[in-house]
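This briefing goes through one structure by topic. Look at the sequence and the model first, then read on.

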Amino acid sequence: MRRVLLARLGQGAIVIALVVTIGFVLIRLMPGDPFVAALDNEGVAPQLRDQLRAQYGFDRPLPEQFLRFIGQLLRGDLGWSFSRSQRVAAVLGDVLPATALLMGTALLLGGIGGVLVGAWQGWRGDTSGTRWVSRASLLLLSVPEFVLALLFVLGPALLLGWFPVAGMQSDFAGSGLAALRDLLHHLVLPAGTLALLIGAVVARHQRRAVLGVADAEFVRAARAKGVPESRVLFRHALRNALVPVFTLAGVVFPALVSGAVLVERVFAWPGMGRAIVEAVLRRDYPLVVGAVMVSSLFVVLGTMLADLAVAWADPRQRRA
Amino acid sequence: MRRLFPLLALVAVLACGSESAGGARGGTVIIGTPADADALLMPLVDGVQGRIVSELLFDRLADIGPSLNTVGDVDYQPRLAQRWTWSGDSLAIVFALHPEARWHDGRPVRAADVVLGFTVIRDSANGSPLNAATALIADVTAIDSLAVEMRFTRRAPEQFHAATQVVPLPAHLLGAIPSGGLRTSEAASAPVGSGRFKLVRWERGARLELAAVPDHYRGRPKLDRVLFSITPEIATGMARLKAGEIDVWDPLPPAEIADLVQQPTLRVFSSPSFDYSFLAFNARDPKVPTRPHPLFADRTLRRALTLAVDRGTLVKAIFDTLALPALGPMVRSQATADTTLRQIPFDRAAAAALLDSAGWVRGADGVRRKGGRRLAFTVNVPSTSRSRERAAVLIQEQLREVGVAMEIERMDFAVFLAAQTSSRFDAIVGGTRTTPSPGGLRGSWASAAIPGGGTQNAWHYESAAFDSAVAAGLGAMDPVESKAHLRRAYQTIIDDAPAIWLFELKNVSAVHARIVLPPWRPDAWWSTLGDWSIEPSKRLPRDATPATP
């Protein structure tokens with residue numbers, strides 16, 4: 001198991017290095033640069049842009065810029081964000097907790113909810129209730145993230161006034177318990193949007209997996225021994241049926257990261273997804289590369305966690 | 001758009017009349033904004049948000065008055081400079097600083113702070129966008145702690161305007177920062193200013209809070225605080241405005257205005273803006289910039305294309321009453337603008353006749369040809385601007401009527417700007433935010449470089465007559481003479497048709513109805529924020545929330 005973990009870590013490091021290199025090159029190949037917006041002002045001398053490009057080394061050949069970047073990285077310096085007037089590490093330090101909170105909550109709610117709903121559907125078989133839930137999850141799967149997010153803004157937030165329209169905290173949230181309550185109040189809609197989407201995917205896979213084990217020999221044996229039905233489901237059937245769902249989590253994680261980009265933008269959630277979009281639009285090279293690095297780290301770690309969960313649920317994987 | 005007609009009657013009334021500001025102190029104004037400030041120290045600011053916040057945090061030596069006249073000093077109001085005296089040769093001004101002026105940390109504002117403000121702009125390592133605007137200033141020296149002398153390289157009508165671009169900075173806090181280190185310094189993120197509002201907190205990408213300075217030398221602001229709440233998605237911003245989460249949004253997206261006018265809690269009104277848009281023709285070959293453009297180097301062709309475009313209908317179709325056809329490279333709010341200039345009218349028959357006479361003959365596909373070359377070109381449009389996209393589509397149709405094929409290339413904004421900078425385009429639907437000063441004319445349209453920098457004349461318009469008229473206009477000390485020269489420059493460029501002057505936008509803003517507004521300054525509405533007020537009886541619970549410690 002340890003060898004598998006080490007191998008996964010090695011693979012993860014290679015993936016991150018590749019993604020960062022590709023990100024570094026691609027953003028610089030795109031037309032424009034971090035100072036192009038200065039052109040929008042007729043009073044600003046165009047020479048200023050050239051001067052700033054030279055000052056930050058963006059006029060140097062790409063390989064030289066890359067070597068400089070590696071040198072900086074080895075010194076623990078991710079560079080300066082031009083769009084946020086801050087060190088990239090400080091920007092990421094600001095936005096990461098917000099994204100981690102949003103994605104962690106969504107993953108937890110969506111994962112647990114999806115597993116429970118899917119298990120219920122698979123265990124109950126083909127009834128009118130389970131058919132309606134299937135239809136609802138199919139509908140959710142076919143709705144793009146931002147459409148669902150905008151529906152939430154218009155309905156529960158704007159028309160009903162139950163939740164704030166946007167942001168992570170009220171402008172004057174106070175402190176202590178009041179601030180926590182305010183944060184959770186703001187979290188409901190963005191996390192709910194992502195959780196519903198995750199839950200829909202998980203539920204469909206969980207339903208199929210439970211259906212697959214519902215008639216398995218070990219389930220029949222447990223029933224024959226007189227084990228209560230709920231215990232048969234949760235102790236015997238569900239544990240075995242979780243393996244494909246945990247595997248799915250590894251695939252869902254990258255999608256969750258990209259989904260969070262849109263949801264963060266709609267709900268003005270000050271997280272990493274929003275920072276990446278703004279950085280790309282403003283050609284903030286250092287922030288784009290830093291954010292891509294952290295996102296890929298997220299995805300690699302998420303996938304590894306999913307692998308570990310599979311190994312926990314399926315002893316055969318631990319021996320592999 | 002039709003729905004806008006009755007609504008804009010109200011809009012216009014509100015825009016014309018300005019209320020007398022109430023006297024009540026207290027309250028909070030939350031300003032919605034799609035982007036965060038790029039910097040807070042004025043010499044380092046590039047973007048609009050940074051400009052708004054930095055102008056609230058820092059006072060200038062003097063500020064432009066309501067007339068927006070940038071020639072001479074008669075229309076300027078004292079700020080940190082209590083008074084000023086010109087030297088006999090008009091090549092120097094001595095500013096006497098207000099003895100009561102203090103930095104937000106309580107230290108007095110002194111002459112050394114003015115010197116530092118100039119040094120920061122001039123230090124090329126800081127890359128200040130104000131360098132070109134202050135090119136007229138030779139040096140700044142302290143005479144004593146409360147008097148500073150500014151010397152100029154030459155006499156010019158906008159000498160004083162240039163002087164007001166130098167913003168005093170706290171030397172006791174920033175003076176020791178090494179050259180080039182200001183942008184990345186801690187002090188740049190938490191600036192100590194001299195304005196009527198001080199910085200309380202800056203949560204990047206989320207919010208920025210300012211609080212009233214109680215003992216300010218110009219008087220305490222009526223509001224307790226101002227909060228900028230950042231909402232990048234415009235649709236969400238509009239929802240927050242309707243829900244009462246934010247009090248101000250400027251400018252409103254045109255598509256939202258009809259809906260927002262119906263909101264009883266909001267006051268929606270228009271004011272002149274400083275934005276104008278145009279379809280510029282590249283006079284040089286984008287592939288080989290040393291050669292003339294195969295189509296647009298020809299003045300007759302450019303004039304024919306301009307004749308073929310019905311700008312009045314175009315503006316009406318896109319904006320209804322929210323924009324006016326542009327007059328030229330200017331806006332009506334500028335003191336030098338002239339609405340009596342002779343325009344190239346819409347005349348499709350005359351356009352066709354002109355093209356016929358120039359040898360462009362319609363082919364079987366309806367597109368004109370001359371010497372085997374089709375009269376076809378591509379226009380670049382930024383995909384971020386719906387109005388420019390719509391304008392391009394309407395122009396495409398109008399040009400097709402006279403046998404001209406125009407392809408539209410929609411681009412990401414950064415890609416669009418990159419293509420513009422490098423002059424890699426046949427034509428572009430561009431836009432410019434100008435200022436009360438006509439000086440920008442030289443930056444965007446003259447062939448000569450602007451002082452302290454180059455030229456942004458990416459479309460390569462070259463006219464000796466225009467250049468000399470602009471130089472004479474910007475150099476004349478007499479305002480009447482200056483206006484006459486600039487009128488000649490405007491008429492020359494309109495006749496030469498290096499661009500089709502499309503539209504001049506009106507700015508539409510929304511402000512919560514409980515807020516009492518002083519007159520709205522079209523170029524900088526935030527400049528009067530210190531005089532905004534909220535009657536106690538109309539205050540919301542958040543107006544009474546104590547300021548963040």
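Predicted model: local features only at pLDDT ≥ 70, side-chain atom pairs only at ≥ 80, totals over all residues.

How many bridges join strand β5 of chain B to strand β7 of chain B? There are five, and the two strands, residues 92-97 and residues 147-152, run antiparallel.

- Four strands of chain B make up an open sheet with antiparallel pairing, in the order β4-β5-β7-β6.
- β4 (81-86) and β6 (137-144) of chain B each have a single partner strand, so they stand at the edges and one side of each has no neighbour in the sheet.
- On average, neighbouring strands of this sheet are turned by 20 degrees against each other, direction ignored.
- In general, strands of a sheet pair through backbone hydrogen bonds, either parallel or antiparallel.

**Strand β5 and its partners**

- On one side, β5(B) is joined to β4(B) by five bridges, and these strands run antiparallel.
- One bridge pair here is B:Ala81 with B:Leu97 in β5(B).
- The hairpin of β4(B) and β5(B) has five residues between the strands, and B:Ser90 takes a positive phi near 60 degrees in this hairpin.
- In β7(B), B:Val148 is the bridge partner of B:Phe95.
- In a regular strand, side chains alternate between the two faces of the sheet.
- Helix α3 (residues 111-122) of chain B lies across β5, β6 and β7 of chain B, and runs at about 165 degrees to β6(B).

**The nonpolar core**

- In soluble globular proteins, nonpolar side chains tend to be buried together.
- The largest nonpolar core here has 242 residues, of which A:Ile198, A:Val288, A:Ala291 and B:Leu279 touch the most other members.
- Helix α9 (residues 229-266) of chain A gives the largest share of this core, 17 residues.
- Leaving aside residues up to four places away in sequence, B:Leu279 touches B:Val379, B:Ile395, B:Ala427, B:Val429, B:Ala499, B:Ile500 and B:Leu502.

**Contact between the chains**

- Chain B has 53 residues in contact with 46 residues of chain A.
- Several elements of chain B each supply at least two residues of the side that touches chain A, among them β10 (225-230), α7 (234-243) and β19 (427-433).
- α13(B) gives the most to this side, with seven residues.
- The residues on this side of chain B divide into 19 nonpolar, 23 polar and eleven charged.

Definitions and conventions
Residues numbered from 1 in each chain as written. Chains lettered and ligands numbered in written order. Core = buried A, V, L, I, M, F, W, Y, C linked by C-beta atoms within 7 Å. Buried ≥ 20, exposed ≤ 12 C-beta atoms within 10 Å, placed from the backbone. Contact = placed C-beta atoms within 7 Å. Pairing = 2+ DSSP bridges. Axes fitted to C-alpha atoms, helices over the stretch in contact; angles between N-to-C directions. Nonpolar A, V, L, I, M, F, W, Y, C, P; charged D, E, K, R; others polar.
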